[in-house]
Amino acid sequence: MSARQMTVAAFLVTLAALALLPFFGEKFTVQVFTKIMIMAILAMSLDLLLGYTGLVSFGHAAFYGAAGYALALLTPPYQAANFWTSLPAAVAASAALALVIGFFVVRTRGIYFIMVTLAFAQMLFFLFFDTKIAGGSDGIYIDVRPVAKIGAWQVFNLDNFVHVYYLALACLALTYWLLRTILRSPFGRVLAGIRVNEHRMLSLGYATFRYKLVCFVIAGAVAGVAGYLSAVQYGVVNPEMLGWHLSAALMMMVILGGMGTLAGPALGAAIWMLLELGLQSLPESGGVNFGKHWQLFMGAFIVLATLLLPRGLAGLAQVLRGRGQKRA
Amino acid sequence: MDFHTFLIQLLNGVQYGLLLFLVSSGLTLVFGIMGIINVAHGSFYMIGAYLAWSLTGGLGSFWIALPAGIAITLVIGLLLEVLVIRKLYDRDHLYQVLLTYGLILIFEELRSMIWGDDVRGVPIPEVLSASFPLTETQSYPVYRLWISAVCLVVAGLMVWVIQKTRLGMIIRAGSANREMVQSLGIDVRLVYRLVFATGITLAALAGMIASPVSAVFPGMGNQVLIVCFVVIVIGGMGSVKGAMLASLLIGLVDTFGKVLHLEIAGVKLLPELSSMTVYLLMAIVLLWRPEGVFGRRP
Amino acid sequence: MTRRRFERREFLKATALAGAGLAFPGLALAQGAKIKIGLMLPYTGTFAPLGVAIENGFRLALQEAGGKFGGREVEFFKVDDESEPAKATDNINRLVNRDKVDVVLGTVHSGVAAAMIRVTRESGTLHIIPNAGVGVATGALCAPNIIRTSFSNWQPGYGMGVALAQRKNIKSVVTITWRYAAGEEMVKGFKDGFAKGAGTIAKELWLPFPNVEFQPLLTEIAAARPDAVFAFFAGGGAAKFLRDYAQAGLKDKIPLTGTGFLTDGVLEAVGSAAQGVETALHYADSLNTRRDNEFRLAYAKTYKLQPDVYAVQGYDSGLLLAAGLKAVNGDASRKKELVAAMEKTTVDSPRGKWRLSKAHNPVQDIYLRKVSGRENKYSGVAVKALDDDPVAMAACKIG
C-alpha cells in the first residue's frame, strides 16, 4: 500500500468506527465522543491559523463561544429555533466577529498577535460575563433545542443524543473535507507562503493582510460550527466557552497532534479530552486525592509535551518511520 | 460628582494603575531583555499574596513577611529559570506560551494543595491602618497611599539600575546583542537568570502589598495577567516608560468606568460595560500604533 | 465493568423479590436494592465549607432515620462541582447518565444549579436543591421532579425590604451586590419589599462576580449618604466587604443591612467589623426552640462543629427525602407517589415548620437577625409564612 492509500484506509476505518459507536456505547460514552468530535472540529479550525498560516491565536475560543451565544439569543424563550436558519446565522455571527477582530489583530505579528487575540477574546468574555445580555456569569440556556424540519417532515431530532452524535460526525467529516480543499487550492498555497516568509509574499505582490484576514474569518466560521453543536448538545452556553483556558487547551490539542496536519489536531483533541476524563477519575490514594488535583498532572503533561514533542504525534510518527526505514 | 468624590476616585485610579505597573514591569522586562513571554507571570502575583497571608500568620508580622516572601520568590525564580525557562530561549513564542501555561496549572494546583482554596484576608498593618478624613462620611485609607509610594520607589529604583549602573549597562547590551556581550567575557546566562527572578519577584511583591486590600483568592493571578497584556500592548513591549504610562491610563479608565454613568440613546453603557473599557482603549491604540505607544517599530 | 454487571444482577434480583414482596413485604424490604444518591456539591473553592455542611446535615438526617431511607441502604456518588457553571453539565451528566443515580442532591451555586436543572428535567431524576436560590428553579423551569429545600433568592431580600419599609427614619437606601443571578434576584426581592413603604432606592451599585475591589463603590456610598445600605455578598467576599465597610469609616454612620449570607460563616474572621449588622434569613442563631436545640446538640456531637444554615438545609433535604421514600417503601422508581408524598409533608425543621409550595419552594418564616458577638442573634420575624416571588410563581406551570 502506498502512503496515500494508507491515509485513505485509516480515514475510512476511523469513520466507520465512529459511525458504529452508538450501537455499542452507553449514553455517557456517546455523549463523550460527541464532545470529542466537536473539539476536533474546533482544533482543526485553529490548525488552519496555527499550523498552516503561522498565526498563533490565543483567543480562538471566542468564535466558538460566539456561535453558541448566537444560537441562545436566536432561540425564543421556551420555543424552538429553526435549525436550517439558526445554524447559518450562528456561523455568520462567528465569521463577522472574526472579521472585526481580525481587522485589528492581523496587522500585528509575533508576540503581539498572541497577546492581542487573547485580549480581544477576554473582552468578549467580559461582555457576556458582566452584562445581562445573555445570563451573565451563569450563562444562558437553550430551553428547547432547534427543530430540523423540512415542511412537516422532521429530518432529525436534536433532543435525541444519538442524532446529535451523527450530526457532529457529519460536520466533522465535512469540515475535514472543506479545510483540505481550501488548503490544496491556490489560496492555501499563498497561506503556506505567508507562513514561511511573509515579506517574500508581499514583494511578490500578494496582499498578505487580506489573505490572512480571510483565513482568520474562515477559521472563525468553522469554530462557529463547533460552538453551535456544543450549544445544541447540552443546551447550555456560558462565558467559559469564550475563555482563555479553552483557547490554551485548543493550542495544546493542535500541538499534541501535530501542527499543519489537520488529522493530527483532531486526534490531539481526542487524546486531550480522554486524558482530561481519565485524570479527573483518578482515585484517592495515600491521603492525596489525585482526581481532585488532576490539573497538576495536566500541567506537567503540557510542560513535558512542549519540551519533548514540539511537532506532536505526527512529528513523532515521522521520526519513528524514518528510523524504521533506515533499519530496513 | 463633587470635588471630594472626584479626588478620592482619582487616588483610587492612580493607586490601581501603579500596582498594575509593578506587575507588568516584570513581564515587560523579561520579554524586553530575554525575549521570553511568561504567561505564568500572573501566578506569581497570586503566590505573593498567599505568601503574605501565610507568612504574616506564621511569623506574626507583615513587615517580616515582606522580605521573607521576596527572598522565597527570588529563589523560586532562579530555580525555575534553571529547570525550564532556559530551555525556551531558542524556541518559538508559541511554545513559550504553552509551556508557561502548563506552569500556571501546576502553580494553581500546588497552591490548592499547600494553602487550600479558601478566600483569605491579610490584616492591614497597624501603623498604616488609619484613614485621612475628607468630609463627614468620606475618608481615604493611609494603606493605599503607602501602596502607591512603594510602587513609585520601585519604579525609580528600576530606572536607576537600568540607566545608571554597570549591571544595567550589561542588561541593555545583552538584550541588544547577546553574542557580543558574551564575547566580552560576561556571563549572559547569569544575567538572564537574575532578570527572570527579579521579574517574577516584582509580580510577587505586588501581590504581597496588595493582599491586605484585595483579599487572597484562587485564580487571582489570571485576572491581573490579562490586564498586564493590555498594558504591554498599549505601552509597547519591553518599554518600562510605556508600561508606566499605560498602567496609569488603565487604572484611571477602569476606576472611572466603574463609577461614571453613561447612557447613549437609552442604552446604558457605563458602568454596565466597565470591564470592557480597557480593551476598547487597546483597540484604539492598535489602530493608531500597532506596536504600542513606546514600542519599537518592527 | 464487573461492578456494573453485578449491580444489574442485583437489580434483577431485587425486582424479582419486589414482585414476591407483594406477598411477603418484610422480605422485599430486607433485600431491596440500595438507593443511589448523587451528591453534586462544592468540595473545593470559596463555597467548599457550604458543601461540607450540607452533606453533614444530610447524613445526620440519614443517621437519625437508622441509616436507611424507606428501609433501604443508601449508596453515595460524589462529584465536586467546584462552583463552576462551565463544568456543571459534564458533572451532572456523570451522575445521571454514567452512575445512573436515583436522586441528585445539589448544589450551592445558582449558576451550577441552573445547569443541573436542564439535565434533570430531561432525565426525570429526582433533584433536591439544598441551597441555590435561583428563581427559575421554582419558577419558569419548575418541574415535578425538582424540589428545593432552602429558599429562593427573592425571599430573604423581600424580608429585609419589608423590615426597612416599616422604619420611618429610613427614606433612602443604596443597594450593592455582585452582578449575577443571585445578587440581582435578592435586590429585586429587597426592592419589592421596600416598595411597601415610602422610601426610595437612591442608587444601585454592582460589581462583577466575584470581584472584591469595593473601594470605588464605597466612595460612592459615602458620597450618596443614604439612610441605610442593603448588601449581598457571600463567603470570602462578604468578609472582605464587612471589613472594608468598617475601614472606610461607614459602619457607625450608615447602618448596614443585607440578606443573611452577608454575615453567615464569616463572623469568626471579621470580628468587630460586623457588630450590629442586620440581616434577614430563614434561620438564625439562638432561635431557642426545642427542635432547634436538639438538632444543634446532635450536630455538634456528631461533627464536633457548630451547625449553620447550610447544615440545616442539608438536614431538611434528608428529612423530606426520608418522608417521601417511606411512603413508597424505598422504591425510588415510583416517582409520582414519591413526589406526592413529599408535597404533603410538613418538615419539622430546626428553622421552624415549613412545607413545599406548588412550585416546590419552601413556604417559610423569614427572621430578622442582628450580629452580636459571634452570633447572628434572632431579633424578630420579618415576614411569616412567606411564599416565593409572585412573578416567579406565575411562571411555573406545574401544580
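Modeller: Let me open with a term: two strands pair if DSSP finds at least two bridges between them. Helices (H or I, at least four residues) and strands (E, at least two) are DSSP runs, numbered from the N terminus. This is a predicted model, in which local features need pLDDT of at least 70, side-chain atom pairs count only at pLDDT 80 or more, and totals for chains, interfaces and linings use all residues. Residues are numbered from 1 along each chain as its sequence is written, while chains are lettered from A and ligands numbered from 1 in the order in which they are written.

Biologist: Thanks! In what order do the five strands of the open sheet in chain C stand?

Modeller: The pairing in this sheet is parallel. β2 (74–80) and β5 of chain C each have a single partner strand, so they stand at the edges and one side of each is left without a neighbour in the sheet. The order in chain C is β2-β1-β3-β4-β5.

Biologist: By how many degrees are neighbouring strands of this sheet turned against each other on average?

Modeller: Axes here are lines fitted to C-alpha atoms, for helices over the stretch in contact, and angles run from 0 to 180 degrees between N-to-C directions. For neighbouring strands of this sheet, with direction ignored, the average turn is 20°.

Biologist: How many bridges join β1(C) to β2(C)?

Modeller: Strand β1 of chain C covers residues 35–41. On its β3(C) side there are three bridges, with the strands parallel, and L39(C) has L105(C) as its bridge partner. On the β2(C) side, M40(C) is partnered by V79(C). The strands β1(C) and β2(C) also run parallel, and the bridges that join them number seven.

Biologist: Which helix makes a right-handed β-α-β unit with β3(C) and β4(C)?

Modeller: A crossover is right-handed if, with the strands pointing away from the viewer, the path from the first strand over the helix to the second runs clockwise. β1(C), helix α3 (residues 48–64) and β2(C) make one such unit. For β3(C) and β4(C), the helix is α5 (residues 110–123) of chain C.

Biologist: Are the faces of β4(C) covered or open?

Modeller: A residue is buried if 20 or more other C-beta atoms lie within 10 Å of its own, exposed if 12 or fewer, and partly exposed in between, with C-beta atoms placed from the backbone. In β4(C) (residues 126–129), L126(C) and I128(C) on one side and H127(C) and I129(C) on the other are all buried.

Biologist: Where does the non-glycine residue H360(C), with its positive phi of about 75°, lie, and is H360(C) buried or exposed?

Modeller: Most residues other than glycine have a negative phi, and most peptide bonds are trans. H360(C) lies in the loop between β12 (352–356) and β13 (362–372) of chain C. Because H360(C) has 26 C-beta neighbours inside 10 Å, H360(C) counts as buried.

Biologist: And N288(C), which has a positive phi too: buried or exposed?

Modeller: N288(C) has a phi of about 60° and is found in the loop between β10 (278–281) and α11 (290–303) of chain C. With 9 C-beta neighbours inside 10 Å, N288(C) counts as exposed.

Biologist: Which residues does a cis peptide bond join?

Modeller: Look at the loop between β3 and α5 of chain C, where T107(C) lies. With omega at about 0°, the cis bond joins G106(C) and T107(C).

Biologist: Turning to chains A and B, which element gives the most to the side of chain A that touches chain B?

Modeller: Residues are in contact if their C-beta atoms, placed from the backbone, lie within 7 Å, and this contact takes 35 residues from chain A and 34 residues from chain B. The elements giving two or more residues to the chain A side are α5, α10 (244–257) and α12 (294–308) of chain A. With 14 residues, the one that gives the most is α5(A).

Biologist: How many residues of that side of chain A are nonpolar?

Modeller: Ala, Val, Leu, Ile, Met, Phe, Trp, Tyr, Cys and Pro count as nonpolar, Asp, Glu, Lys and Arg as charged, and the others, Gly among them, as polar. On the side of chain A that touches chain B, eight are polar and two charged, while the nonpolar ones number 25.

Key. Two residues are in contact if their C-beta atoms, placed from the backbone, lie within 7 Å.
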